Amino acid sequence: MSHASPPVIPHFGTASDCVLANRPFCSDWVRAHWQDTLGPALVQHVELTAIAVAIGFILAGGLALFAHRIRRAEQPIGVVATLVYTIPSLALFQILVPFTGITTTTVEIALVGYSLVVLYPNMAAGLNHAPADVVEAARGMGLTERQILLRIELPLAVPAVLSGLRLAVVSTISIATIAAFLMPRGLGYPIFVALRDPAPFKTEIYAAGGLAVALALVCDTALVVASRALVPWTRKGLAA
Amino acid sequence: MIAVLFDQFQPGTFIDALRFIGDNPGFLGQKALEQIELAGAALLIALVVAGPLGVILGHFHRGAGLAIGTSIVGRALPSLVLIAVFLTVLGIGFVNNMVALAVLATGPVLTNAYSAVDGVDRGVVEAARGMGLSRWQIITRVELPLAAPLLFAGIRIAAVTVVATAPIAAVAGGGGLGDVIVNQASYRLSGVVGASLCVMALSAGVWIALSSLEKVSAPGGVGSVRVRRNHHKELK
């Protein structure tokens, strides 16, 4: 792999002593390359994740509603979802290449797949969360199946859906770093570039890696706060 | 980019990939063994370190924050970042990858061991204490058997995580099937896809093997535990 732009491995002519000596962390390099390397990579990473989780959320929701309606489909879908989740990401990206080439589409298909299989079990479990006698009582009060779904089952599913969303966002952020093996996008790319060097440039690995971890933790915390606001009656927010 | 190395993207690549697998069974088998070795070593470290810690914390019902925090931070650590960071500390090769994968496996093992033992019915533990069982006997004869299903689930998740992540270790000299996947220049897309298919089969195989092992080792498993618990509550 080679890269045309930008010069991620610093020019040795202008590099600081710190960069030349490959000391553990050179803040001057981070400042100098925020604009051309780290900033764009962070933005791309957020984009990759947001698109994957949004599409995965819609698909998983549809699938969960389908399985909720046709109970016999529930178990087979669950088994397939589990098996998809065991596919190593590096392998899945490569297996999709013969179909869609080295494109953002390939990366997004894989990322959507992973977020889908993380979201689905939580959504399915959430929809089944409503106690049977509550549903029975609602039916007895004359609510239609549609009303039961909208007014009882969906609201009761919210906590499970939110904890699934947390898992999906965090795992997608993690898997998206590996997408950079396929194409130069996201926070994984600076890391792969640094690893290609016989003496990997530490600052680049720590800065990009730190940003990826920070992004995951910030998103996780934001979703915990959001779920406390949305469903204040469940307090165990932290223990997914 | 890599795109220069191959310009035809066709599903026909899969036929070539299968041919690659058929032509190199010994080579791929050896690479798969390397990967299992790496994953096994990492899993073993995680089990030895995190397993007993989780069980002890669960027994004393202490350190929920540590157990849950480990799983949250563990999930947030991308495997690539871990492997790259340990590479800068421990250098290229087996040890660096083993440690990085062991860290990945620690989360599920610790969290599940903790919540499995922590969740054992306190009435049952109380009864065992009343019957004169020592602390050690309570852990080994009461808590561990009751916690087994959830404990095994944690081990299974950790095992699959480690096996599925091991290919990424190839970027840091980890060996295994990942060596083929990351070396398109030598093996071409057919080899890369072939090795990817092998990796897929390997991790699905580990999942299925461990799942069926769980069913065999715990006949009646969770179900019988639930019956016993309900019975106990009725007695109260």
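A salt bridge is a side-chain nitrogen of Lys or Arg within 4 Å of a carboxyl oxygen of Asp or Glu. This is a predicted model, in which local features need pLDDT of at least 70 and side-chain atom pairs count only at pLDDT 80 or more, while totals for chains, interfaces and linings use all residues. Residues are numbered from 1 along each chain as its sequence is written, chains are lettered from A, and side-chain values use heavy atoms, with hydrogens and water left out.

Select A:Glu136 and A:Arg139 to begin: they form a salt bridge whose closest N and O atoms are 3.6 Å apart. Both lie in helix H6 (residues 132–140) of chain A, three residues apart, about one turn of the helix; helices here are DSSP runs of H or I with at least four residues. Over all chains, a search of the whole structure finds nine salt bridges.

Next, show chains A and B together, where 43 residues of chain A are in contact (heavy atoms within 4.5 Å) with 42 residues of chain B. Across this interface the rule finds zero salt bridges. The two chains bury about 3600 Å² between them, 83% of it on carbon and sulfur atoms, buried area being the accessible area (1.4 Å probe) lost on putting the two parts together, summed over both. On chain A, helices H3 (74–85), H4 (89–100), H7 (145–179), H8 (188–196) and H9 (202–230) each supply at least two residues of the side that touches chain B, and the largest share, nine residues, comes from H9(A).

Finally, select B:Ser190, where H9(B) bends by about 70°, the angle between axes fitted to the seven residues ending there and the seven starting there.
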